[in-house]
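Here are some notes on the strand pairing and the charged side-chain contacts, for comparison with your own reading.

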Amino acid sequence: MKFLEYTPLERMNEFLSHLNLGERTIRGYLEPYSCKHTGTDKKLSLSLENEMLDYLGKSSDTDSSSPAEFLLSRSSRKTLIYLVLTLYRMYPDYDFSAVNAHQFFTEESWDSFKQIFDSYMFEASRAWIEENEGSSLLETLYKALDEVVKLSECEIYSYDPDSDADPSLEKGAIWSFNFFFYNRKLKRVVSFRFCCFSNLVAEGFLMDDSSYEEDGEIFDDMDM
């Protein structure tokens with residue numbers, strides 16, 4: 001997986017890198033990748049493929065919603081490998097299992113993504129309009145993604161793991177989303193993670209630390 005540089009995405013990343021909204025901060029990051037294997041990708045890809053084949057060999061599931069049913073298709077396994085490789089690029093210190101990761105991926109439509117984006121990013125969208133004349137944040141995002149992966153030809157996936165298996169979960173997090181826009185023909189994928197954090201939690205920790213320091217100074221001035 002090779003990281004690609006696109007100016008329209010960099011502009012949005014700059015805006016979403018640390019959007020302070022008073023009590024909350026929104027962070028977002030778009031990462032475009034070519035799905036051509038580089039470095040250790042081939043070895044990791046083979047390991048993921050063997051993991052899935054081993055799972056299929058041991059599985060007797062016939063339920064259409066089970067991992068086994070999905071993994072029977074070679075093209076589905078290939079898509080999953082690209083998505084997992086992208087996760088490895090996003091979170092290099094985290095160890096992902098392809099079979100387990102599959103259970104957290106859901107295929108989405110642009111409309112379902114738009115609904116989530118409009119619901120959770122409305123404050124960010126308002127801030128964007130105040131800073132930029134013309135297109136809305138969603139329209140700008142659409143154009144930027146379309147330039148990289150041609151949205152009309154894309155498969156869209158969301159990644160929503162359990163809290164104990166979520167590498168993006170941080171203290172003070174209110175909500176977080178991970179989306180992947182994958183173009184099979186172009187062999188490109190763009191990941192888009194956006195999340196919201198409570199500033200009150202962060203400030204609370206800072207206040208606690210400063211109060212301890214102040215207490216220490218008081219005791220230092222006292223004759224014991």
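The points below concern a predicted model.

1. Strand β3 spans residues 24–34, and eight of its eleven residues are buried. Its pairing with strand β7 (residues 188–198) is antiparallel and takes in eleven bridges. Within that pairing, Arg-24 sits opposite Ser-198.

2. Strand β1 (residues 2–3) runs antiparallel to β3 with two bridges, Lys-2 being partnered by Ser-34. Strand β2 (residues 19–20) is likewise antiparallel to β3 over two bridges, and here Leu-19 has Ile-26 as its partner. Three residues separate β2 from β3 in a hairpin, where Gly-22 in the turn has a positive phi of about 95°.

3. The whole structure contains seven salt bridges. One of them joins Glu-123 and Arg-24, at 2.7 Å from N to O. Glu-123 counts as buried because its relative accessibility, 17%, is under 20%. Arg-24, at 26%, is partly exposed.

4. Asp-41 and Arg-89 form another salt bridge, with the closest N and O atoms 3.5 Å apart. Asp-41 belongs to helix α2 (residues 41–58) and Arg-89 to helix α4 (residues 74–90), 48 residues apart. Asp-41 is buried at 4% relative accessible area, whereas Arg-89 is partly exposed at 36%.

5. Which residue meets Asp-54 in a salt bridge? The partner is Lys-58, at 3.4 Å from N to O. Both residues lie in helix α2, four residues apart, about one turn of the helix. Asp-54 is partly exposed, at 42%, and Lys-58 is exposed, at 68%.

Key
Residues are numbered from 1 along each chain as its sequence is written. This is a predicted model: local features need pLDDT of at least 70, side-chain atom pairs count only at pLDDT 80 or more; totals for chains, interfaces and linings use all residues. Side-chain values use heavy atoms; hydrogens and water are left out. Buried means under 20% relative accessible area, exposed over 50%, partly exposed in between (1.4 Å probe, protein chains only). Two strands pair if DSSP finds at least two bridges between them. A salt bridge is a side-chain nitrogen of Lys or Arg within 4 Å of a carboxyl oxygen of Asp or Glu.
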